[in-house]
Amino acid sequence: MSTTTQNLLPCPLYINGEWTERPDLPTSPVHNPSTGDVIAETPLADASTVNEAVQAAKDAFPSWWETPAIERARVMFKYRTLLEQEFDSICKTISLENGKTLGESRGELQRGLECVEYACGIPELLKGEYLENIARGIDCEVIRQPLGVCAGITPFNFPAMIAMWMFPLAISSGNTFIFKPSEKVPLTAIRLIELLDKAGLPKGVLNLVHGGKESVDALLTHPDVRGISFVGSTPVARYIYETGTKHGKRVQSNGGAKNHVIIMPDAEVKSSVNGIMGGAFGCAGERCMAIANAVCVGDASKTVLPELVDAARNLKVGPTDRDPQPQMGAVITREHRDRVTELITAGSDQGGKILSDGRGMNVAEAPNGFYLGATVVDEVAPSSTLAETEIFGPVLSVLRASDLDEALKIANASAFGNGTAIFTTSGRAAREFKHRVQAGMVGINVGVPAPMAMFPFSGWNQSFFGDLHIQGRDGVRFYTREKTVTSRWFGDEDVWRK
Ligand code: NAD
């Protein structure tokens with residue numbers, strides 16, 4: 001049962017440098033997953049509201065583009081300082097509306113901050129190429145220019161970091177931007193944009209629009225939007241890519257995942273258990289890089305698995321808005337908790353053996369929170385629902401393989417291809433895995449190999465639709481287009497040849 005807190009938190013839009021409440025718009029509730037309370041109502045922007053934001057971004061573009069890159073970088077430097085000052089309070093907002101622990105929120109915001117730091121180097125990142133004398137007296141250069149108005153659409157699970165994958169690089173590259181966060185977590189977005197405003201970003205350069213499908217469709221089809229960055233589930237990611245490109249936009253679209261970790265019999269037990277626990281149950285499994293399937297090779301099921309099950313059974317779950325902090329928080333909504341519960345039951349019905357059961361988790365101090373305990377299901381068949389479906393909750397399926405070849409076959413049969421990892425002490429096995437595994441982000445004795453700001457977030461297969469990935473140099477390339485200039489000068493030889 002949801003209760004509504006008496007004082008709902010404000011949820012304004014930010015268009016053309018002005019904060020604006022839109023009581024005329026329909027709304028969608030925002031929960032505190034730790035308690036089940038409704039804490040805000042997200043206004044769902046319609047097409048005409050989105051059009052206002054796009055117009056503001058379009059009007060702001062010419063002068064922002066003419067602003068020297070070093071001056072745009074200065075806004076990022078100021079932004080970075082303000083983010084550091086407000087760091088703890090933003091983390092509280094992330095945990096409040098997402099349910100993850102404060103430690104996880106800190107990790108998330110730190111990753112986002114690093115994206116801002118990367119964007120501080122934009123004058124260097126935007127430098128082009130030059131070759132003199134491509135023919136006698138003729139020179140050629142490549143310069144990078146911004147696309148114009150770009151938009152970013154983000155999921156609920158990393159309210160700060162995923163937004164910061166996008167707008168710092170987009171605007172420091174000279175674009176203007178519309179940010180549409182998940183309607184489930186609008187409050188962190190507001191905090192991030194308040195500080196950008198304080199950092200002196202000119203009006204209209206970044207606009208915040210809340211909403212659901214209608215607002216996204218308005219962005220996807222608007223003729224003045226040139227680039228779309230999306231992160232979310234695979235069906236929506238595919239839709240965004242197809243619709244956006246059909247409307248002539250450049251699109252990078254990150255989808256869902258089902259990540260495999262291979263545990264070799266020679267894996268070092270303690271560090272493997274730590275890495276897999278973090279990968280499977282960190283952020284309550286609501287991570288596109290979460291470890292979902294653990295493939296135990298040979299005796300790994302006798303060495304690593306028992307310790308893993310023991311750790312899962314003892315993982316402390318609870319509300320993240322009080323001390324002491326739990327090891328795992330709630331999932332995002334009641335509906336999501338119920339869906340995950342049903343998937344665990346389906347896994348057991350299909351022959352999986354539940355070794356740690358997180359269904360029906362009762363947290364006495366917060367009986368209405370959306371809790372699940374850490375769940376481990378063993379002997380899951382590779383073609384079962386549990387093994388193939390993205391669950392996005394604290395559920396680890398264990399599959400068995402007799403050798404690395406068989407384990408790779410299982411991992412490579414996945415329709416997704418986001419993250420993957422191997423735990424082993426054999427360099428040869430690690431090298432073989434790195435070479436043959438069909439996924440875009442690979443960990444060797446690293447459970448969550450999520451790349452930092454200077455590297456691309458490079459999912460494959462149904463985990464990514466597009467060409468240029470988010471973050472790093474790919475990110476700069478995505479938000480700019482190249483212009484190749486060939487030049488030759490005639491006349492005035494008398495200036496230098498007397
Ligand atoms: P989601 O796809 O439901 O929503 C993502 C965004 O799309 C939200 O802003 C939402 O308002 C919008 N949206 C939802 N349905 C839409 C529709 N029919 N048409 C247009 N827009 C729509 O995803 P979520 O539940 O918020 O996030 C979880 C998903 O995101 C998981 O599948 C997870 O794997 C994925 N994810 C992927 C990455 C990655 O980098 N690959 C990172 C984080 C999360």
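Which residue in S18 does His260 stand opposite? Select the two strands and you'll see that His260 faces Thr420. Before going further, note that this is a predicted model, in which local features need pLDDT of at least 70 and side-chain atom pairs count only at pLDDT 80 or more, while totals for chains, interfaces and linings use all residues. Residues are numbered from 1 along each chain as its sequence is written, and side-chain values use heavy atoms, with hydrogens and water left out.

**Stop one: strand S13**

Select residues 259–263, which make up S13. Strands here are DSSP runs of E with at least two residues, helices are runs of H or I with at least four, and both are numbered from the N terminus. Five of the five residues in S13 are buried (buried is under 20% relative accessible area, exposed over 50%, partly exposed in between, using a 1.4 Å probe and protein chains only). Show the side chains: Asn259, Val261 and Ile263 point one way, His260 and Ile262 the other. In a regular strand, side chains alternate between the two faces of the sheet.

S14 (residues 291–297) runs parallel to S13, joined to it by five bridges (strands count as paired if DSSP finds at least two bridges between them). Look for Val261 and its bridge partner in S14, Ala294. To get from S13 to S14, trace the chain through helix H10 (residues 269–281); this β-α-β crossover is right-handed, meaning that with the strands pointing away from the viewer, the path from the first strand over the helix to the second runs clockwise. S18 (residues 419–423) also pairs with S13 in the parallel sense, over four bridges.

**Stop two: the ligand**

A polar side-chain atom of Glu390 sits 2.6 Å from a ligand oxygen. From the backbone, Gly255 puts an N or O atom 2.7 Å from a ligand nitrogen, and a polar atom of Thr154 is 2.8 Å from a ligand oxygen. Taken alone, the ligand exposes 840 Å², and the protein buries 87% of that (Shrake-Rupley areas with a 1.4 Å probe; for residues, only the protein chains shown count as cover).

**Stop three: salt bridges**

The whole structure has 23 salt bridges (a side-chain nitrogen of Lys or Arg within 4 Å of a carboxyl oxygen of Asp or Glu). Start with Lys100 and Glu108, whose closest N and O atoms are 2.6 Å apart. Lys100 is buried, at 2% relative accessibility, and Glu108 is buried too, at 1%. Glu108 belongs to helix H4 (residues 102–120).

For a contrasting setting, pick Lys127 and Glu124, with N to O at 3.0 Å; both residues are exposed. Then go to helix H7 (residues 186–198), where Glu194 and Arg191 lie three residues apart, about one turn. Their side chains meet at 3.5 Å, N to O. Glu194 is partly exposed at 35%, whereas Arg191 is buried at 17%.

Finish by selecting Asp405, Arg428, Glu432 and Arg436, which are linked in a network of salt bridges.

Notes:
Polar contact = N/O pair within 3.5 Å; in protein donor to acceptor, adjacent residues only side chain to side chain.
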